[in-house]
Amino acid sequence: MNEREGIASPKRTKDIIAKHNFSFKKSLGQNFLIDQNILNKIVDAADLDSGKGALEIGPGIGALTERLAMKAGEVAAVEIDRRLIPILKDVLGPYGNVTVREADVLKVDLKTLFEEVFVASSKVSVVANLPYYVTTPILMKLLEEKLPLENIVVMIQKEVAERMSASPGGKEYGSLSIAVQYYSEPELVCIVPRTVFIPQPNVESAVIRLKVREKPPVEVADEEHFFTLVQASFTQRRKTIANNLRSRYFPGEGRERLEALLQEAQVEPSRRAETLSMDEFARLSLVFLKAGLR
Ligand code: SAM
């Protein structure tokens, strides 16, 4: 099948939708891709070959799935909407290397799915045009479960992509940037206009690639403690790090003990969380843990 005959054209998408009498569900974030160039960019960024596997979340009517089937050795696609399963079976019929699973990706056991599907793949990447209402929980699940992933290449809301890839010092930098960058190296692939979707979403989109790290860039003794401390630090962005940490760890106490701990971690108490590097948060977490503050 050549590219011109792919699913992701306005005409073929409309034909498939009409044939199956499909109606879009906004609540499931259903915005289907109808642009071959964007699909090429997504698939190229994933760096797939016949020895690798691809997991797609939310295949819709299979526009991206079809491309993945042509490029990767083994493909798994998890789709929540039961109405799409017969459509996917129909359009993906010609490809023998695709497993479609009807499930909510947030509930499915991905480790088992990986063992069942990716039998011959040396590496696996997630490649998806994500449903925007659950972008962050999906990405955090993929990263926290420490699946054997190489890349995560996803279309997401532009603003969320900017927050994930932000560096310290700007207003986009926050606990999401730190969580994502702890597990991966984010890279913005391209900005995507609304016009490449049916129906068009209300927000601008971006393709982001998260290169999954083999090990975190900072030393953390207790990940849960580290992420709790990071979140506490950003509770009120306008407040200083000292004030935010005091509310969480020393409610009603004076400043002395807290300031001594901040000093030990070499963090000025008057700074705001948005200026702290991941290294500095890791140091703070170690000092707080040592002092028995959980
Ligand atoms: N991949 C298709 C494309 O690019 O044209 C469709 C992308 S559309 C933005 C998102 C897809 O995710 C929809 O098919 C929707 O039904 C599915 N979806 C929504 N929530 C989901 C969930 N929790 N688990 C699995 N799939 C989900």
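A polar contact is taken here as a pair of N or O atoms within 3.5 Å, where, within protein, one atom must be able to donate a hydrogen and the other to accept it, and where residues adjacent in sequence count only if both atoms are side-chain atoms. The structure is a predicted model, in which local features need pLDDT of at least 70 and side-chain atom pairs count only at pLDDT 80 or more, whereas totals for chains, interfaces and linings use all residues. Residues are numbered from 1 along each chain as its sequence is written, and side-chain values use heavy atoms, with hydrogens and water left out.

Under this criterion, the side chain of S121 reaches the backbone nitrogen of G53 at 3.3 Å, and a further polar contact, of 2.5 Å, links the S121 side chain to that of E74. S121 is placed in the loop between α5 (110-117) and β5 (124-129), helices (H or I, at least four residues) and strands (E, at least two) being DSSP runs numbered from the N terminus. S121 counts as buried because its relative accessibility is 15%, the classes being buried under 20% relative accessible area, exposed over 50% and partly exposed in between (1.4 Å probe, protein chains only).

The protein as a whole contains 12 helices and nine strands, and its C-alpha trace spans about 70 × 40 × 30 Å along the principal axes. Of its 294 residues, 52% are buried.

The ligand is surrounded by 22 residues, of which the closest are L33, G58, E79, N129 and Y133; a residue is assigned to this shell if one of its heavy atoms lies within 4 Å of the ligand. By class, the shell comprises 12 nonpolar, six polar and four charged residues, with Ala, Val, Leu, Ile, Met, Phe, Trp, Tyr, Cys and Pro counted as nonpolar, Asp, Glu, Lys and Arg as charged, and the others, Gly among them, as polar. The protein covers 99% of the 600 Å² of accessible area that the ligand has on its own, as computed by the Shrake-Rupley method with a 1.4 Å probe. The elements that give two or more residues to the shell are β1 (32-33) and β3 (74-79).

Most residues other than glycine have a negative phi, and most peptide bonds are trans. N21, in the loop between α1 (10-19) and β1, has a positive phi near 55 degrees and counts as exposed because its relative accessibility is 70%. Q266, in the loop between α11 (256-264) and α12 (278-290), likewise has a positive phi, of about 60 degrees, and is classed as exposed at 58% relative accessibility. A cis peptide bond with omega of about -20 degrees joins I198 and P199, the latter lying in the loop between β8 (197-198) and β9 (205-212).

D104 belongs to the loop between β4 (98-102) and α5, where its side chain reaches the backbone nitrogen of L106 at 2.9 Å. At 25% relative accessibility, D104 counts as partly exposed. The C-alpha atoms of D104 and V287, 183 residues apart along the chain, are separated by 40 Å.
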